[in-house]
Amino acid sequence: MRVDYRIERPVALSARFEVDGFTVLLGASGEGKSLLLRAIAGLVPACGEPFDGLPLQRRAVGYLPQGHALFPHLNAWQNVAFALRGPQRRAEAMAWLERVGLAELAERRPAQLSGGQQQRVALARALARKPKLLLLDEPTSALDPATRDDVLAELIAEVHAAGIPALAVSHDPALAGVADRLVLMHDRRIVQAGMPAEVHARPVSGAAARLLGLRNVQRGRLVGAPGAQRLWWPDAEAWLPVDTGLADGSEVDWQVAPESVELYEPAMAPAGTIAASVEVRQTGAHGCHLGLRCGRARLWAALPRDRTMPATACVQVPAVAIRCWPV
Amino acid sequence: MIPAARPRLPALAAALALLLLALPFAGLAIATDWRHFGFAQGDGGAVAVSLGLSLVALLLIVVLGTPLAWWLARHRVRGQWLVDALLLLALLTPPLAMGLLLATMYGPYGPAGQLLERAGLLLTNSAPAFVMAQFYAALPYYVLAARAAFEGVPRELEQIALTLGHSPARSFFHVSLPLARLGLAAAVALAWVRALGEFGVVLIVAYYPQGIPVKLWTNLQDVGLSAVYPLLWVFFLVALPLPLALGLAVRRRLA
């Protein structure tokens, strides 16, 4: 399904992209992502396709706002039945709850359900409306980190099973990882769209790289013609080797993966390395990252498993590991 | 272990305030002559007038005030402050002054009064005048309390109802109204007490038919303090159970 919307107020915004399967629109806070969803749902004045000009009651959308917005005075099945008409609405609501695996909690009020269960009730209610498009506003924001991935997997499985295109807006790069299609929004416009693997492999700008959760996106300036170039990193007041086809004097966003940052003991550091102090150590299931202070900048570096944590270090960034985007 | 020092002075002041609050009610219980408990002539009629006509006034207040309260809670228009000021003005106008204003507009020589009299509706010393006095006295209280109740309903829930295919009217009756019910009930209770207990406005435009407050006044004037107690008990019995129960329910909900 093609989404093409233009909003004038409260902020000017335009967006045009394809929604295919579970599509995630990734953007920073304040970009107007929620506003776009509300516009498609008909809650904000806007023009565009789909549903142009239809009153909001007649737009076949399943809208799941942040926090799920279940009716607190109704229990789970009554919430789902709210989207239904006719004498069979209770039986139909129960069937929808069965489908999301919550039939046994049908009599519970929303306050008695966990965040993930509330989300599934809200999804059942939205699906019961028989929408042509599902709209999900920050679907991971109200979820407990411990169960988030499982709840998300179930949500996506249910969306796929329903066969309805879904548009989820989020600033959470983790959600982008599970999308069928990924759309990036920056400065209130769409800057990149495509399959997640393509987008992750080739972000179009530093802003896109930041949205995708890439670390070490920095500002710099190229000095010298291609082939004999260096990168001036003003925040660290340091020069880096670089190899790009961009013109001399270009302002760039550049990025290096933490795994590519080379760490040296200060006493054994080769010439041309940058002095750094260790600010923070981040140990997780997938290894250890060090937050290094280089002048005014912070640089993340992966600490190899066999290395102990140094108090100070010297870092080197290999030219081949640096990606540059003109700004 | 040293026990934590309890602030004595605030506790004493609070106890004194509670005692002062309770004293008049205790006084009524003590002063009532329970052995010769009997009503003055016309007390029964006053109770009937007060209950019957207050119910009519309450109905009018709810029917007209609820849409206004909802509109005020949900819409912002240019010059909104004028609407707010008008409501506050009606609320803050002393009852006697409001009675005089009503007499000016709806009295036999008032512009609206003359028109309505020609249509057969007399708004001085009549049942409709009594209802009108109560309506004006209690409407601002109801509207402000009901507006606060509607403002407490998350707008998002009303919008979700619309996205689920419901009309604004259905959304109002199935979402806004049930979610605001406690606050609306409190607003109804407030309006009920205000209407039933209204004296100043009623005195000016509807001395007759006499309801409980005016009858209390005439009993006091004609017989003395002892003659008001039985009717006063009835007044408390009919006016207060609903607001008291709701007030306590709201406190429990907040706790």
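## Strand β7 of chain A

In β7(A), A:Ser170 is the bridge partner of A:Leu26. This is a predicted model, in which local features need pLDDT of at least 70 and side-chain atom pairs count only at pLDDT 80 or more, while totals for chains, interfaces and linings use all residues. Residues are numbered from 1 along each chain as its sequence is written, and chains are lettered from A and ligands numbered from 1 in the order in which they are written.

Strand β3 (residues 22-27) of chain A runs parallel to β7(A) and is joined to it by five bridges, where strands (E, at least two residues) and helices (H or I, at least four) are DSSP runs numbered from the N terminus and two strands pair if DSSP finds at least two bridges between them. Strand β6 (residues 133-137) of chain A also pairs with β7(A) in the parallel sense, over four bridges, with A:Leu134 opposite A:Ala166.

## Buried face of helix α12 of chain B

In helix α12 (residues 229-239) of chain B, the buried residues are B:Leu231, B:Phe235 and B:Ala239. They cover an arc of only 55° around the axis, which puts them on the same side of α12(B); the arc is that of the directions from the helix axis to the C-beta atoms.

Terms used:
Buried ≥ 20, exposed ≤ 12 C-beta atoms within 10 Å, placed from the backbone.
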